[in-house]
Amino acid sequence: MTAGLTPSQTVGPFLAIALPWPDGPFVVPEGTPGAIEITGRLLDGAGEPVPDGMIETWQADPDGRFDHPDDPRGAAEPAEAAFRGFGRCTTGPDGGYHIVTLRPGPLPSPDGGTEAPHLDVSVFARGMLDRVVTRIYFPDEQEANAADPVLAAIVDPDRRATLIATVETGRPPGGFRFDIRLQGARETVFFDV
Amino acid sequence: MTTQTPPVQGFTLPSYERPRGLHPPLDFPGYRATALRAPGRPLVPLPHRLTEVTGPLLGAERVTAADADLTTQHAGEPLGERIIVTGRLLDSGGRPVAGTLIEIWQANAAGRYAHGVDNHPAPLDPNFSGAGRCMTDSDGRYRFVTIKPGAYPWHNHPNAWRPAHIHFSMLGRAFPQRLVTQMYFPGDPLFSQDPIFNSIPDPKARERLIARFDLGLTQPDWALGFEWDIVLRGPAATAIEWAEDHR
């Protein structure tokens with residue numbers, strides 16, 4: 001353990017006092033050409049909704065770039081100026097959340113491979129003493145997903161499938177569903193970052 | 001489906017240290033709500049690639065200077081002990097984490113949150129909402145003016161009370177630095193029975209969540225001063241970390 005680091009504590013039940021942003025779920029404004037919506041539910045080990053949680057997402061822009069100085073390719077402003085890369089949504093009474101964003105591009109990996117398009121996700125809630133982290137991949141990127149080094153490290157196909165969104169039928173095009181199961185037989189894969 | 005980014009061979013990325021034994025375990029029976037919310041399977045190690053060494057550098061556009069003063073958000077002044085809470089946001093190498101968003105929330109002086117779910121029969125304060133935010137300056141410093149929150153009961157175990165605390169949320173400069181925690185006050189008699197505080201395995205790490213009363217920060221005839229530094233994960237030795245993690 002590194003000396004001096006500040007430990008985590010739970011967000012508790014009252015995070016909604018401070019953390020929701022009116023535009024939080026909108027990584028791009030609604031109606032942005034090419035925007036997709038990811039909806040899902042945060043569920044506990046009994047399959048019950050977690051109504052006092054928060055989902056955050058972080059991702060590359062559609063060109064696979066980040067507006068951040070630590071990207072060794074250099075910080076790049078996104079072609080869509082309103083693209084923020086970051087989304088935040090508190091969960092509703094049904095555990096539901098939604099994020100409106102643009103599809104991220106694939107990313108070069110330091111080992112020479114390519115990461116499939118993905119979003120990093122943080123999950124916070126009452127009853128969680130630290131965040132947990134997962135990733136959202138896309139169901140129509142089968143080839144890229146097959147070559148993705150993070151997915152490849154998860155041997156069990158049922159476990160790997162928990163990281164891949166499904167196409168949300170009955171919604172406008174560009175709708176995806178990604179449920180997050182904190183515990184149980186279909187528990188989502190969570191990462192140690 | 002997506003355009004292919006040409007692979008960039010052999011580039012190196014910054015990487016962040018991985019603190020072991022620092023954070024509370026997700027499954028902590030003393031805190032009952034963890035029982036159904038803690039993953040049952042081990043976390044999968046995720047080497048730090050591009051998405052993990054970057055993060056949202058934003059917030060300034062959504063913060064005004066007034067947001068750091070929780071005592072002036074309403075027509076009147078909130079009840080309670082006026083306090084100043086200030087400190088620095090650093091990484092473990094001692095470098096300031098500048099220009100990052102800090103968001104806080106807390107109960108009022110009576111131990112009641114301005115939230116519909118809080119049914120503690122203590123009074124709400126019409127002059128206190130309990131939320132604030134600020135950006136760290138170039139030295140990593142933040143400063144809030146607020147009132148000292150009260151302790152409050154919860155139903156985790158018989159006669160359970162939370163020590164007075166302020167919730168802190170830090171975006172950090174990169175995804176691994178994201179942190180939400182709680183700041184406590186020195187000498188609180190409720191520490192010994194609080195499973196959330198005691199879920200932190202190392203007693204020394206627990207103590208790092210306790211602010212220090214500082215007479216020098218205390219403003220005469222106006223407000224008590226508390227200092228609390230927050231330390232986020234710093235860089236690891238890049239190449240070694242990658243070699244260890246890569247499979």
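This section describes the two chains of a predicted model, their contacts with each other, and selected local features of each chain.

The secondary structure of chain A consists of three helices and twelve strands. The radius of gyration of this chain is 17 Å, close to the 16 Å given by the globule rule for 193 residues, so chain A is as compact as a globular protein of that length. Along the principal axes, the C-alpha trace of chain A spans about 40 × 40 × 40 Å. Buried residues account for 51% of the 193 residues of chain A. Of the contacts in chain A between residues at least 6 apart in sequence, 70% join residues at least 24 apart.

Chain B contains four helices and twelve strands. Its C-alpha atoms fill a box of roughly 60 × 40 × 40 Å, again taken along the principal axes. In chain B, 42% of the 247 residues are buried. Among the contacts in chain B with a separation of 6 or more, 73% are made by residues 24 or more positions apart.

The two chains touch through 73 residues of chain A and 79 residues of chain B. On the side of chain A that touches chain B, at least two residues each are supplied by strand E2 (53–59), strand E5 (107–108), strand E6 (114–115), strand E7 (118–125) and strand E12 (191–192). The largest share of this side, five residues, comes from E7(A). Sorted by class, the side of chain A that touches chain B comprises 37 nonpolar, 20 polar and 16 charged residues.

Strand pairing also links the chains. E12(A) pairs with strand E1 (residues 44–45) of chain B in the parallel sense, over two bridges. Within E1(B), the residue opposite A:Phe191 is B:Val44.

Within chain B, four strands form an open sheet in the order E4-E3-E8-E9, with antiparallel pairing. Strand E4 (131–135) and strand E9 (179–184) of chain B stand at the edges of this sheet; each has a single partner strand, so one side of each is left without a neighbour in the sheet. From one strand to the next, the twist averages 20 degrees. The pairing of strand E8 (residues 165–170) of chain B with E9(B) is antiparallel and extends over six bridges. In this pairing, B:Ile166 has B:Met183 of E9(B) as its bridge partner.

Two glycines of chain A illustrate the setting of its loops. A:Gly105 is placed in the loop between strand E4 (96–101) and E5 of chain A. Because A:Gly105 has 18 C-beta neighbours inside 10 Å, it counts as partly exposed. A:Asp61 is 44 residues away from A:Gly105 along the chain, yet the C-alpha atoms of the two residues are separated by 6.2 Å. A:Gly74 lies in the loop between E2 and strand E3 (86–90) of chain A. With 10 other C-beta atoms within 10 Å, A:Gly74 is exposed. A:Gly74 and A:Gly127 are 53 residues apart in sequence, and the distance between them in space is 39 Å, C-alpha to C-alpha.

Backbone geometry was examined at two positions in chain B. Most residues other than glycine have a negative phi. B:Asn159, although not a glycine, has a positive phi of about 55 degrees. This residue lies in the loop between strand E6 (152–154) and strand E7 (160–162) of chain B. B:Asn159 has 7 other C-beta atoms within 10 Å and is therefore exposed. B:Asp221 likewise is not a glycine and has a positive phi, of about 60 degrees. The position of B:Asp221 is in the loop between strand E10 (212–213) and strand E11 (224–227) of chain B. B:Asp221 is exposed, because 4 other C-beta atoms lie within 10 Å and a residue counts as exposed when that number is 12 or fewer.

Definitions and conventions
Residues numbered from 1 in each chain as written. Chains lettered and ligands numbered in written order. Predicted model: local features only at pLDDT ≥ 70, side-chain atom pairs only at ≥ 80, totals over all residues. Contact = placed C-beta atoms within 7 Å. Nonpolar A, V, L, I, M, F, W, Y, C, P; charged D, E, K, R; others polar. Pairing = 2+ DSSP bridges. Buried ≥ 20, exposed ≤ 12 C-beta atoms within 10 Å, placed from the backbone. Axes fitted to C-alpha atoms, helices over the stretch in contact; angles between N-to-C directions. Rg over C-alpha atoms; globule rule 2.2 N^0.38 Å.
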